Amino acid sequence: MIQTIYIEQAIFDHPRTVAIRQRFPKASIVPCQHYGEVFNPKAQNFRLQKQQPSLILAEKFNKFVLEAPTSYNIGGQRNYYFSHMLNCVYDCRYCFLQGMYRSANYILFINYEDFDTAIEKVATESDKPTYFFSGYDCDSLALEPVTGFIKHTLPLFQKLDNAYLELRTKSTQIRSLLEVEAMPNCIVAFSLSPDSLAAALEHKAPSLAKRLDALDKLQIAGWPVGLRFDPIIYCDNYQQLYNDFFEQVFARINLNQLHSVSLGTFRMPQGFYRNTVKLYPDEKLFAGPLTESQPMVGYEPELEQQILAFCRKKILQLMPEEKLFICHDDD
Amino acid sequence: MLHIVTALPCEAKPLIKHYRLNGRQAENGFRIYENSAMRLIIAGIGKCAAAAACAYLQGAEPQTKHAWLNLGIAGHRDLNIGDAIIANKISDASSGASWYPAMPFKQSCPTIGLISVDQPNTEYNSNSAYDMEAAGFYPAAARFNSSELIQVFKIISDNHANPAGQVSAQQTEKIISAQLGNIDLAIKQLFDLNAQMAQQQTKQDMSAFQQRWHFTVSQQHQLQRLLQRWHARNASDLDLNQFETKKNSKSVIASLEKMIKNLPMRFDDK
């Protein structure tokens with residue numbers, strides 16, 4: 001439950017601000033000039049704030065759509081991402097957000113129409129298909145009942161023939177999708193991990209079973225779905241664990257509805273990794289066989305290759321190769 | 001340790017009594033009242049005094065991160081005398097600067113904005129509370145710890161109907177004493193957060209290693225992290241005898257790295 005909402009003065013009376021305030025009638029409302037006053041100060045502790053994050057309502061002025069790293073793709077050549085929200089309701093220990101931001105508060109940029117304009121501009125400046133990823137700096141769906149962003153954005157993609165939208169999520173908040181007709185150019189991609197790893201590392205996130213149920217409902221409704229096995233986490237029994245896990249997941253998948261699968265091992269930019277270790281020095285994940293070298297921290301190269309090769313082989317027993325994409329950070 | 005800054009003796013008295021704080025012998029600067037868990041300074045009125053008190057308290061134990069509480073009276077246009085508030089935004093009326101204490105806990109009383117003024121304010125122009133210290137206290141304390149550990153707790157002493165000039169020391173003591181329950185709750189939350197923060201900073205005890213081998217500063221960092229990794233993967237303490245054949249710190253580190261590599265790595269064993 002949100003207890004404090006910081007609101008930039010300039011958008012205090014914006015209809016979305018008003019609607020969100022009405023949703024949290026007991027929340028303390030704190031006006032501010034710019035979200036950075038609350039979000040950016042140095043003297044903040046992400047781990048403490050994560051216990052009860054506040055919501056910051058703000059207006060974004062530029063960089064609505066950014067180019068995605070080249071290795072992050074699901075078959076397209078033109079890949080972009082956008083973030084209508086910063087920070088996530090879940091608390092996954094492997095997530096780079098905890099090392100990137102000082103504050104765990106959620107920022108919601110409420111000028112959705114400016115995102116629309118930027119997306120449309122990028123999508124129409126080339127004849128090639130353009131992919132837009134929405135789940136980089138937040139979970140695409142977890143706060144949808146509050147933000148209504150996806151409900152707002154889907155009609156835009158309905159009219160953009162050559163644009164694809166990936167909603168990346170661990171959430172079961174799929175009502176806004178089930179209420180409308182499935183769209184072939186909107187891929188709902190679920191991040192999935194074996195149960196024991198999800199329990200140990202994906203705090204506050206729905207269980208694997210619940211995510212699979214949500215995925216099932218979406219594919220029955222005709223939505224293209226994606227599977228994101230990223231990050232794969234090393235442990236002594238990873239082969240058995242992931243072998244059983246992949247079989248469990250693919251037993252629920254209709255391959256005709258499956259848009260793409262991506263695969264990557266745990267890795268994090270070195271600076272973010274160091275910040276995160278300071279917050280969680282006793283976390284087992286960070287005590288594993290990792291190697292710290294600029295610009296990324298990840299598993300020792302030989303181990304990483306072994307893990308990827310094992311997972312790739314197993315997954316390809318269960319689905320066609322052309323839909324599998326491996327995520328590296330070599331670039 | 002919790003560090004409390006008040007402006008006036010009548011604001012401090014109920015706390016000194018309730019928490020059984022003992023006054024140190026007079027020192028050059030401020031007198032510190034303390035028990036084993038908290039220290040308090042009666043700073044005097046104004047932002048500068050509050051900031052100076054923060055620096056003085058931190059100086060009492062400079063290596064440690066402490067929780068901070070500014071406690072005192074404030075005015076508000078229409079809140080009742082005796083109501084307690086926690087500041088969710090602190091503004092300096094003279095400079096226009098603002099600060100936002102983070103609140104990752106359920107607050108023990110309502111939170112509102114607080115404006116620090118240089119002269120007592122009887123206009124109560126906004127819906128914020130008015131004091132004379134928080135804008136000095138907060139940025140000074142924020143030099144020493146994270147914003148979640150710095151809170152400002154005020155009790156309303158004056159409003160439009162009962163302006164600031166009428167507030168007596170006796171009445172101040174009375175309204176603060178009446179809020180000791182909420183003050184106690186706020187203090188418990190700060191202690192709890194401070195304990196969590198300390199957990200993040202817990203340093204593994206390297207002294208046994210350092211007594212036997214010489215570690216450079218860089219090696220001390222390495223050893224610290226290796227010990228953290230050891231404990232993350234293994235609940236048992238390290239037996240120093242395992243290293244008795246090691247002649248220098250370099251071989252101790254190499255050996256510890258190897259031992260960690262051989263530890264089980266599972267996530268389903270909790």
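In chain B, the axes of helix H2 (residues 47-60) and helix H3 (residues 134-141) come within 6 Å and cross at roughly 30°. Axes here are lines fitted to C-alpha atoms, for helices over the stretch in contact, with angles running from 0 to 180 degrees between N-to-C directions. That crossing angle makes H2(B) roughly parallel to H3(B), the label for angles under 35 degrees. The crossing of the two is right-handed, that is, the near helix is turned clockwise from the far one by less than a right angle. On the H2(B) side the contact uses B:Lys47, B:Cys48, B:Ala50, B:Ala51, B:Cys54 and B:Ala55, and on the H3(B) side B:Ala135, B:Gly136, B:Phe137, B:Ala140 and B:Ala141; contact requires C-beta atoms, placed from the backbone, within 7 Å. Sorted by class, that gives nine nonpolar, one polar and one charged residues. In this scheme Ala, Val, Leu, Ile, Met, Phe, Trp, Tyr, Cys and Pro are nonpolar, Asp, Glu, Lys and Arg are charged, and the others, Gly among them, are polar.

A word on the ground rules: this is a predicted model, in which local features need pLDDT of at least 70 and side-chain atom pairs pLDDT 80 or more, while totals for chains, interfaces and linings use all residues. Residues are numbered from 1 along each chain as its sequence is written, and chains are lettered from A in the order in which they are written. Helices (H or I, at least four residues) and strands (E, at least two) are DSSP runs, numbered from the N terminus.

Turning to helix H1 (residues 9-18) of chain B, its buried residues are B:Cys10, B:Glu11, B:Ala12, B:Pro14 and B:Leu15. Buried means 20 or more other C-beta atoms within 10 Å of the residue's own. These residues pack against strands E1 (2-6), E4 (38-42) and E5 (67-76), plus H4 and helix H5 (180-201), of chain B. After H1(B) comes B:Arg20, with a positive phi near 50°.

B:Ile175 sits in helix H4 (residues 169-178) of chain B. With 20 other C-beta atoms within 10 Å, B:Ile175 is buried.

As for the two chains, 31 residues of chain A touch 32 residues of chain B. On the chain A side, the elements giving two or more residues are strand E2 (28-32) and helices H2 (36-39), H3 (46-49) and H9 (195-201).

Key. Angles under 35 degrees count as roughly parallel, over 145 as roughly antiparallel, 65 to 115 as roughly perpendicular and the rest as oblique. A residue is buried if 20 or more other C-beta atoms lie within 10 Å of its own, exposed if 12 or fewer, and partly exposed in between; C-beta atoms are placed from the backbone.
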